[in-house]
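The report starts with a single residue and then widens to the whole chain.

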Amino acid sequence: MINCLICNSPIEPFIDFGSMPLGNGFLLPEQFNEEYRFPMQVSFCPACGMVQLLDQPDREQMFHENYAFFSGTSRYMAQHFKEFADHVIADYLTDDDPFVVEMGSNDGIMLQNFVTAGIRHLGIEPSKNVAQVAIDKGITTVTEFFDAPLARRIITEYGQADAFLAANVMCHIPYIHSIVEGISILLKPGGVVMFEDPYLGDVIEKISYDQIYDEHTFLFSVASIGHLFERYGMEIIDVEPQGTHGGSMRYVIAHKGTRAVSANVAAQRDIEYRLGLHLTETYDKFRRNCENSRDQLMKLLCELRAQGKRVVGYGATSKSTTITNYCGITPDLVEFISDTTPIKQGKFSPGAHIPVRPYESFVQDYPDYALLFAWNHKREIMKKEEAFRAAGGKWIVYVPQVEILD
Ligand code: SAH
Ligand code: TYD
C-alpha cells in the first residue's frame, strides 16, 4: 500500500507511463547503457486532492552542477518574471528595507529585478551551474536545497522574509512538508508567499500529460494547496491564473488571519469543483484521453514517415521526454530536436535518443514539419518562425489536440 505524501491516506495509481528516464537527462551515446530510469506512475489522493508521482529519483540525480534548464532561454519568461517582481514590489512590499527570498532562483531571471530595484534578496539554488550565472549577475545566492533547517539558518543570518517567492519548483519537491514548515517560520507575521506552478485544471482540460515527468512530483490545485498550507497555520489569500508553462496558477499565501482573502479563491475552488478535480472518475477519463492523444500523434507521425516527409522536433523540453517515451517516438520519426540551449546540443534526448541540434540546423535546412515540443512558448515561437511557414513548413501540435496547423 502506498500513502499520500501530503496526508498519508492510501492512494492508487490512475496512470502508468512505464519506465521513464529523467526529463532533463540529455546524454551522450557512451552513457546510453547506464541510462537512469524509474517507474512513472501517477495517483490522485481522494482525501486531500493532491495529484502526485508514486516514485521519484533522488533530488541529487535531478539537480546538480550540470543541470540543463536555464530559465533565461525564453525572452517571454524574462518579461513574465519582471512583471511578477513588479507586482510583488508594488503590492506586497510595504515595510521599510524589505527582504525577499526566492527558492529555485536558477539563473536569477526573477531576482535580477529586485537587484535593479535595490531590494535585499536571497536566492536559493542547489544546481551550481545555473546558480553561478545568477552569482555572476550580482545576485546573492545560496547553493543549497531549501528546507526547514536551512530556513532556520537564513533567519539567523538575514532575519525573517517579507516575501517568499518560488516559480516552477514547489511542485518539484516530495519533502514538501519540510518546505512549508520552513516557509512558516521564515515568513514575517505580515509577509506573503507567492509561488506558481503548472495547474492541474489546465493539465486535465488540455490533456497536457507532458507536464508529468520526474521533476514534477505534484500537480497542484487550489484545493490541495489550501489543505497543505492550512496544516502550517497559513491560508491562500489570492489566486492568479497565468498563461505560462501551458497554464499555471500563482498562489498568494499568508499566515492565517493576517490579510484579507480575495473572492478569487472561492471562485477558483468552484471552477475546480465543476471540472471534477475532486473525483476519481476525472482521472480515469484523463488516462483515456492521454491514450487517445498518444495514438493520434503516432498515427500522424507514421503517416508522414510513409510519405517520406521530414519531421524535426522544436524545443528539447523536459516535457518532450514524456511524449517521446510514452508514445514511442524514435529517430526515424523525428530526425532531430532543435534547441537553443548549448548544454543540450550535441547530446541525445532522454530514453528516445533523438539527436539534439543547435537552432541553426533547423534554419539552414527547414524540415517539412516541425513538431512543437515547446508548445508552451507557442506565441513567441510562431512570431519568430514566420519564415519557416513562408517557406512551406508546417507545425504539428498535440496540445490541446493533435493537429497540423494551417
Ligand atoms: N524558477 C525558475 C527555475 C525553475 S526550475 C523558473 O521558473 O524558470 C526548478 C529549479 O529549482 C532548479 O533550478 C532546481 O535546481 C531548483 N530546486 C530544486 N529543488 C530545490 C530546493 N529544495 N530548494 C531550492 N531550489 C530547488
Ligand atoms: P521549457 O518549455 O521552458 O521547459 P521544460 O523543460 O520545463 O519543459 O523549455 C523550453 C526549451 O525550448 C528550452 O530547452 C529552450 C528551447 N527553446 C528553443 O529552442 N527555442 C525557443 O524559441 C524557445 C522559446 C525555447
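In this predicted model, Tyr 283 has a relative accessible area of 1%, which is under the 20% cut-off, and therefore counts as buried. Phe 14, with a relative accessibility of 9%, is buried as well. These two residues form an aromatic pair of the tilted kind. Because Phe 14 belongs to strand E2 (residues 10-20) and Tyr 283 to helix H10 (residues 280-306), their pairing ties together parts of the chain that are 269 residues apart in sequence.

A second pair joins Phe 195 and Phe 220, and its geometry is edge-to-face. Here Phe 195 sits in strand E9 (residues 187-198), while Phe 220 sits in the loop between strand E10 (218-219) and helix H8 (222-230), so this pair connects parts that are 25 residues apart in sequence. Both Phe 195 and Phe 220 are buried.

| Aromatic pair | Centre to centre | Angle between planes |
|---|---|---|
| Phe 14 and Tyr 283 | 5.1 Å | 45° |
| Phe 195 and Phe 220 | 6.1 Å | 75° |

The count of aromatic pairs comes to 23, and ring pairs also link Tyr 314, Tyr 359, Phe 362, Tyr 366, Phe 388 and Trp 395 into a cluster.

Turning to the whole chain, its secondary structure consists of 14 helices and 18 strands. The radius of gyration is 21 Å, close to the 22 Å that the globule rule gives for 406 residues, so the chain is as compact as a globular protein of that length. Of the 406 residues, 57% are buried, and among contacts with a separation of 6 or more, 69% involve residues 24 or more positions apart.

Technical notes
Residues numbered from 1 in each chain as written. Chains lettered and ligands numbered in written order. Predicted model: local features only at pLDDT ≥ 70, side-chain atom pairs only at ≥ 80, totals over all residues. Heavy atoms only, no water. Helix = DSSP H or I, 4+ residues; strand = E, 2+ residues; numbered from the N terminus. Rg over C-alpha atoms; globule rule 2.2 N^0.38 Å. Buried < 20%, exposed > 50% of the residue type's maximum accessible area, 1.4 Å probe, protein only. Contact = heavy atoms within 4.5 Å. Phe/Tyr/Trp six-rings, centres within 6.5 Å; stacked < 30°, edge-to-face > 60°.
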